[in-house]
Every structure is written in C-alpha cells, then in structure tokens.
Amino acid sequence: MKTNIKVAIIVFSPSGHTLKAAKMMEKSMIDRGMQVQLLDITRNETVFRENKMAQYLEENVEPHDLICVGGPVYAGHFEGNAMKIIKALPYPDKKWGKLAVPFVTYGGLHTIIALTEAGDLFYRRKRINILGMKLGVFHTLTKKLAFRINENKPGKESFPVIEEFVERITKIANKKLSEIKDIRKSFNYTPFGPEKFGSKLFGQKLLRKIMFPKVVEINYDKCIGCGLCAERCPVNLYEMIDGKPQKTNFYFECICCAECYHNCPVGAISLDLKKPEHHHLSPESKHHKMESPQSAVYPKGV
Ligand SMILES: Cc1cc2nc3c(=O)[nH]c(=O)nc-3n(C[C@H](O)[C@H](O)[C@H](O)COP(=O)(O)O)c2cc1C
Ligand code: SF4
Ligand code: SF4
C-alpha cells in the first residue's frame with residue numbers, strides 16, 4: 001500500500017540508536033511514497049547552547065501531515081529532551097499536521113511509562129496519536145560492562161516491526177481525518193507493579209539521581225585535552241577552554257547518557273557504573289527482567 005503524505009521525524013538520540021531506528025523508518029516510508037524529513041536535534045547549538053527549541057522547530061520543520069518524535073527511555077520515562085520536542089510543538093495548522101506518532105528505543109529492560117508520557121504530551125498539543133512503537137536495542141549503559149544487553153541492535157531483527165509500523169501508518173493515512181481516532185490509551189501496556197508505581201511517583205531527574213548518585217567527574221590531571229567529551233555531549237554542556245573541558249552551558253544539565261565516559265580515551269571521566277550488579281543491569285540480578293515482547297507496535301495487532 002502507498003500514500004504520498006508528508007512526514008516529519010524528529011529525534012533526540014544521545015548514543016545514536018534512536019537515530020538509527022529513525023533512518024530505518026525513513027527508508028521504509030520513502031519506499032511507500034511518503035515525503036520524509038528527518039531532523040536530529042542531538043548536539044544542536046540552537047537547541048542546547050541557546051535554549052531555543054521552539055524557534056529551532058519553527059525554522060526547520062517543513063510542512064507535514066504526520067509528525068513522529070523519537071527518543072530513548074531513561075529510567076522508565078521518555079527522555080526529558082525528547083519530551084521537550086513535543087512540548088515545544090505549535091498547535092496544528094496548515095503547516096503543522098494533526099497526526100502524531102511517538103516511538104522509543106530502550107535497553108530491553110523496561111519502557112514502563114515512556115510511550116504513555118509521549119502520547120499524553122502529543123494529545124495536549126492537540127495531536128491525534130495514530131500509533132506508537134517501542135524497539136528493544138542496545139542498552140547503552142552496558143557498553144563497558146562485562147555483559148552487554150542487546151548488543152548490535154537495532155539491526156535486521158527490527159525490520160519486521162518497523163515494516164509493520166510503516167504499513168499501518170500508510171493504511172491510517174489513507175483514511176479521512178474525521179475517521180481517525182486517538183489510540184494513546186493503548187500505550188498503557190506495562191503491568192502495574194513497583195516499577196511503574198516508582199516511575200509515576202518520581203520524575204525522571206529524581207530517579208536518575210537515585211540511580212547515579214555521582215554525576216560525571218573529570219580528572220583534570222589525567223585529561224589530555226582531546227575534546228571528545230565536549231564533542232560527544234548530546235546537550236553541549238562543555239567547551240574546551242585552555243585545552244580542558246569546562247562546563248559552560250547553564251541552561252542544561254547532565255542527563256547521565258555516559259557518552260563522555262565511554263569516549264574518553266584515557267579514562268579521565270568517572271561515572272558510577274562499574275559495579276556489575278548496578279541497578280537491574282546484570283543478568284545475575286534478581287531484578288533483571290527483559291520486557292516481553294521486546295519490540296512492538298501499539299495498539300497491538302489491529
Ligand atoms: C541514563 C539512562 C537510563 C536508561 N534507562 C533505561 C531504562 O529504564 N530501561 C531500559 O530498558 N533502558 C534504559 N536505558 C537504555 C537506553 O534506553 C537505550 O540504550 C537507548 O536505545 C538509548 O538511545 P540512544 O542511543 O538513541 O541515545 C537507559 C540509558 C541511560 C543512558
Ligand atoms: S556530561 Fe557526559 S554523561 Fe552528562 S550529558 Fe554530557 S556526555 Fe552525557
Ligand atoms: S575526552 Fe577525556 S581526555 Fe579528552 S578532553 Fe575529555 S576528559 Fe580530556
């Protein structure tokens with residue numbers, strides 16, 4: 001099935017997995033005749049240095065019928081900067097379409113309330129959620145650990161889910177607008193238990209502080225001034241001043257993505273991730289439970 005609708009895909013992707021998934025979506029959409037604009041706001045100077053998300057979107061997003069916003073799951077929530085994309089959307093008009101789709105990538109453990117949050121935000125911006133998707137991919141925090149969760153994903157295993165997602169978008173886009181219903185209630189698929197209760201009770205920032213009591217610390221004696229940490233920081237926190245990274249961005253705070261920690265060539269950056277039993281990540285932990293199914297389109301099987 002084909003449709004010639006215009007689609008805007010916007011992503012925030014600190015470690016690149018959401019962006020990779022978005023590129024797979026883009027290709028599949030183009031194959032079905034859609035016109036697609038893919039915008040990656042990660043490390044964007046206007047958004048993160050000048051704190052002008054709304055202005056950036058206004059100036060860069062092209063007219064579209066459907067908007068797709070994607071980001072990672074952090075501590076069971078839709079990552080905060082991905083949320084800010086939706087919060088900054090103008091209400092629908094001739095340029096800004098009414099149809100919306102949130103999608104999340106996550107490290108296979110739990111998505112908890114992430115899709116629900118994204119769907120509710122879209123609804124508040126007067127969009128109709130037509131579908132949602134979660135993709136189980138590499139858990140970026142396991143990069144330097146002895147075990148790695150979902151290594152090399154997303155890859156070929158994601159194709160069938162992305163194909164289903166795009167095929168269903170195509171079918172819905174061919175309907176009359178008056179026949180299209182908001183389906184965000186279907187994002188409430190995770191069972192109510194301690195984790196969901198915790199995510200509902202605690203905001204993302206607080207949960208992150210509990211999970212990572214120590215924020216990133218730089219050992220300036222070890223630092224060789226290569227600048228990789230400043231380059232990789234998805235929210236542009238650092239500038240190289242006199243050959244050393246200095247935090248000069250006071251609009252944004254560290255989101256604990258670990259990009260600086262993973263990329264520092266001399267181990268000058270510390271992040272409290274070394275214990276293998278760290279917060280559910282270890283397969284040995286009694287809390288380690290992979291979400292099932294790992295990847296899916298919501299509402300299911302319609
Ligand atoms: C601070 C932080 C918290 C995370 N929390 C979760 C989580 O609650 N559940 C999960 O399954 N994966 C979690 N992950 C893994 C990411 O969701 C996953 O690796 C995602 O694909 C990263 O997206 P990106 O590569 O686009 O940045 C977390 C990662 C980070 C850095
Ligand atoms: S300082 Fe490091 S961990 Fe914090 S947001 Fe930037 S790259 Fe990520
Ligand atoms: S990545 Fe490491 S060595 Fe390079 S500037 Fe940052 S702290 Fe220094």
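Predicted model: local features only at pLDDT ≥ 70, side-chain atom pairs only at ≥ 80, totals over all residues.
Residues are numbered from 1 along each chain as its sequence is written, while chains are lettered from A and ligands numbered from 1 in the order in which they are written. Local features need pLDDT of at least 70 and side-chain atom pairs count only at pLDDT 80 or more, whereas totals for chains, interfaces and linings use all residues.

Ligand 1 is surrounded by 26 residues, of which Ser15, His17, Thr18, Pro72 and Gly107 are the closest; a residue is near a molecule if its C-beta atom, placed from the backbone, lies within 6 Å of it. By class, this shell holds 13 nonpolar, 12 polar and 1 charged residues, with Ala, Val, Leu, Ile, Met, Phe, Trp, Tyr, Cys and Pro taken as nonpolar, Asp, Glu, Lys and Arg as charged, and the others, Gly among them, as polar. At least two residues each are supplied by α1 (17–31), β3 (66–74) and β5 (99–106), and β3 gives the largest share, 3 residues. Helices (H or I, at least four residues) and strands (E, at least two) are DSSP runs, numbered from the N terminus.

Just after α1, Gly33 takes a positive phi of about 90 degrees.

Around ligand 3, 13 residues are found, and Cys223, Cys226, Leu228, Cys229 and Cys264 come nearest. The shell around ligand 3 comprises 11 nonpolar, 2 polar and no charged residues.
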